[in-house]
Amino acid sequence: IHASNATHVNHRPKGQLPLPPSRKVAIVTGIKTIIVAQHTDWGILTFENKDIHAVIHKNLHGADATHIDFLPFPDLEQNIRNDVQFLRNHELIPKSIDIHVYVYDIACGRLVPVDSE
């Protein structure tokens with residue numbers, strides 16, 4: 001698995017790395033707990049697709065990125081609920097798996113537990 005991951009990582013440009021193969025397999029091979037961790041002050045909370053499309057158009061000589069959904073979200077708490085719902089309803093994740101949710105508060109440096117129900 002480690003050699004496979006190393007090969008996977010080495011063939012990807014920096015910043016464009018999807019989950020390594022062992023991470024994808026881990027969900028179905030004995031995991032008992034999933035931790036969802038997000039943080040405050042996400043830049044993505046501050047814009048909509050139309051905003052980033054305009055910036056790209058302006059700064060990249062008229063480039064059209066309107067076909068790209070940058071997946072912004074305006075509400076951190078709702079985004080957490082959506083992620084947990086996705087995990088709880090996923091066919092490959094057994095109902096017996098515990099899901100714990102935290103938000104890292106950038107301002108105070110604390111990991112705050114969140115009730116995701």
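The secondary structure of this protein comes to four helices and three strands; helices (H or I, at least four residues) and strands (E, at least two) are DSSP runs, numbered from the N terminus. From the N terminus on, the order of elements is α-α-β-α-α-β-β. The model is predicted: local features need pLDDT of at least 70, side-chain atom pairs count only at pLDDT 80 or more, and totals for chains, interfaces and linings use all residues. Residues are numbered from 1 along each chain as its sequence is written, and side-chain values use heavy atoms, with hydrogens and water left out.

Now the overall numbers. The protein has 117 residues, and 21% of them are buried. Buried means under 20% relative accessible area, exposed over 50%, and partly exposed in between, with a 1.4 Å probe and protein chains only. The accessible surface is about 8900 Å², and carbon and sulfur atoms hold 58% of that. Accessible areas come from the Shrake-Rupley method with a 1.4 Å probe, and for residues only the protein chains shown count as cover. A contact means heavy atoms within 4.5 Å. Of the contacts between residues at least 6 apart in sequence, 55% join residues at least 24 apart.

Next, the strands. Two strands pair if DSSP finds at least two bridges between them. Strand E1, residues 33-39, pairs with E2 in the parallel sense over seven bridges. One of the residues bridged to E2 is Ala 37, whose partner there is Tyr 102. On to E3, residues 110-114: E2 and E3 run antiparallel and are joined by five bridges. These two strands form a hairpin with four residues between them, and Gly 109 in the turn has a positive phi of about 75 degrees.

Which residue in E3 is the bridge partner of Tyr 104? That is Leu 111. Tyr 104 lies in strand E2, residues 98-105, and is partly exposed because its relative accessible area is 35%. Tyr 104, Ile 106 and Leu 111 also form a nonpolar patch on the surface, with about 280 Å² of accessible area together. A patch is made of residues with over 30% relative accessible area and no salt bridge; like charges are joined within 9 Å, and nonpolar side chains (Val, Leu, Ile, Met, Phe, Trp, Tyr) within 5 Å. A salt bridge is a side-chain nitrogen of Lys or Arg within 4 Å of a carboxyl oxygen of Asp or Glu.

Now the helices. Asn 79 is in helix H4, residues 76-89. Is Asn 79 buried or exposed? Asn 79 counts as buried, because its relative accessibility is 14%. Its side chain makes a polar contact of 3.0 Å with that of Gln 38. A polar contact is a pair of N or O atoms within 3.5 Å; within protein, one must be able to donate a hydrogen and the other to accept it, and residues adjacent in sequence count only if both atoms are side-chain atoms. Leaving aside neighbours within four places in sequence, Asn 79 is in contact with Gln 38 and Phe 73.

Ile 56 lies in helix H3 and is buried, at 17% relative accessible area. Residues up to four places away not counted, Ile 56 touches Ala 63, Ala 65 and Phe 70.

Last, the loop between H3 and H4. His 61 is found there, and has a positive phi of about 55 degrees although it is not a glycine. His 61 is exposed, because its relative accessible area is 80%. Leu 71 is in the loop between H3 and H4 as well, with a positive phi near 55 degrees. At 58% relative accessibility, Leu 71 counts as exposed.
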